[in-house]
Amino acid sequence: MEGAPRTAETGQSIDPTPAGHENCGRRCWREARTLPAPDDPGNGTGDPGAPGKAPDGPGDGLRGSENGLDSPGDGAGGPGGGSGGPGEEPRFRILYVCTGNLCRSPLAERLTRSVLGPCPALQVISAGTRAEPGRQMAERARRVLVRLGGDPGGFVSRRLTPDLLAAADLVLTATTEHRAESVAGHLPAVTRAFTIAEFGALARAVPADAVGRHEDPVRRARALVAEVRALRGLVQVDRPDIPDPYGRSWFAHRAAGRRIAGSLAVPLRLLTRSPASCPCACP
């Protein structure tokens with residue numbers, strides 16, 4: 001079809017307006033890419049001074065509805081307000097949390113965006129429990145992010161607020177302490193707050209078809225959270241925390257990036273692949 005959007009990988013035409021994606025950007029979850037394996041070449045094993053430098057301009061990368069919370073609490077439905085108000089398309093909002101919003105949560109946010117693409121149905125941001133608003137990512141974290149395939153451009157830090165927690169359908173934190181602080185800031189979040197590593201470990205036990213059978217991205221995301229929640233206490237999570245690399249060595253930042261990428265790999269595959277394309281339940 002002349003003028004129809006084409007996938008970046010194959011150049012093949014795709015349906016520009018599939019059901020449930022009428023307002024999606026060029027890259028939606030339908031043509032999502034996968035995270036590189038944490039041990040792949042180019043993910044931080046080489047010279048730490050080699051990666052490209054991100055733009056230093058202002059902004060938080062949240063323009064319009066592209067993977068950002070339009071306004072906290074702007075939807076009345078769903079556990080985090082993600083169902084949208086009257087006349088609004090349903091949305092699912094993911095919030096990553098760490099301390100300063102300079103290393104771990106921005107890494108997770110931008111890696112997730114790199115996989116999901118600018119699908120407005122799935123919005124992704126991050127915040128810090130003690131963040132100083134308006135700061136860029138730590139330089140070493142930015143370098144690790146670039147090597148893992150993410151884009152730090154336009155990122156600025158924000159402080160965690162009860163409104164952000166109330167608007168989120170899924171809260172993923174760097175540590176159990178951050179999870180506890182998030183729940184304390186908005187008690188209903190207790191049913192949808194996990195550490196990043198915990199969520200990744202539990203997602204490994206989720207059958208692919210329990211999530212992939214849903215074509216709509218919001219229903220798929222909600223199904224994933226419901227499946228993971230049901231596994232709490234049934235699946236052992238040995239290391240639920242990801243240590244803070246801020247102010248530490250390049251290797252500490254690289255290790256944090258690898259843990260984050262490894263923990264998110266299975267959940268993001270479940271969100272973006274159908275059972276037919278992932279028959280092994282994404283081990």
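Modeller: Happy to! Let's begin at Thr-129, which is found in the loop between β2 and α2 (139–147); helices (H or I, at least four residues) and strands (E, at least two) are DSSP runs, numbered from the N terminus. Bear in mind that this is a predicted model, where local features need pLDDT of at least 70, side-chain atom pairs count only at pLDDT 80 or more, and totals for chains, interfaces and linings use all residues. Residues are numbered from 1 along each chain as its sequence is written, and side-chain values use heavy atoms, with hydrogens and water left out.

Thr-129 has a relative accessible area of 10%, so this residue is buried (buried is under 20% relative accessible area, exposed over 50%, partly exposed in between, with a 1.4 Å probe and protein chains only). Leaving aside residues up to four places away in sequence, Thr-129 touches Val-97, Cys-98, Thr-99, Arg-159, Leu-160, His-178 and Glu-181, where contact means heavy atoms within 4.5 Å.

Four strands form an open sheet in the order β2-β1-β3-β4, with parallel pairing; two strands pair if DSSP finds at least two bridges between them. β2 (122–128) and β4 (193–195) stand at the edges with a single partner strand each, so one side of each has no neighbour in the sheet. From one strand to the next, the twist averages 25 degrees (axes are lines fitted to C-alpha atoms, for helices over the stretch in contact, and angles run from 0 to 180 degrees between N-to-C directions). The partner of β2 is β1 (residues 92–98), paired in the parallel sense over seven bridges; Phe-92 has Leu-122 as its bridge partner in β2. Helix α1 (residues 104–116) packs on the sheet, touching β1 and β2, and its direction makes about 170 degrees with that of β2.

After α2 comes Gly-149, with a positive phi near 100 degrees.

On a 1 Å grid over the protein atoms alone, a cavity is a set of points where a 1.4 Å probe fits but cannot get out, and lining residues have an atom within 4 Å of a point; grid points are joined across faces, edges and corners, and a volume is the space filled by probe spheres set on the points. Residues lining the largest cavity include Ile-94, Tyr-96, Thr-112, Leu-170 and Phe-199. β1, β3 (170–173) and α8 (250–272) are the elements that give two or more residues to this lining, and α8 gives the most, with four. By class, the lining has ten nonpolar, one polar and no charged residues (Ala, Val, Leu, Ile, Met, Phe, Trp, Tyr, Cys and Pro count as nonpolar, Asp, Glu, Lys and Arg as charged, and the others, Gly among them, as polar).

Stepping back, the protein chain has eight helices and four strands. Of its 283 residues, 51% count as buried.

Definitions and conventions
1 Å grid on protein atoms, 1.4 Å probe; cavity = no way out; pocket = protein on both sides within 12 Å on 5 of 7 lines; lining within 4 Å.
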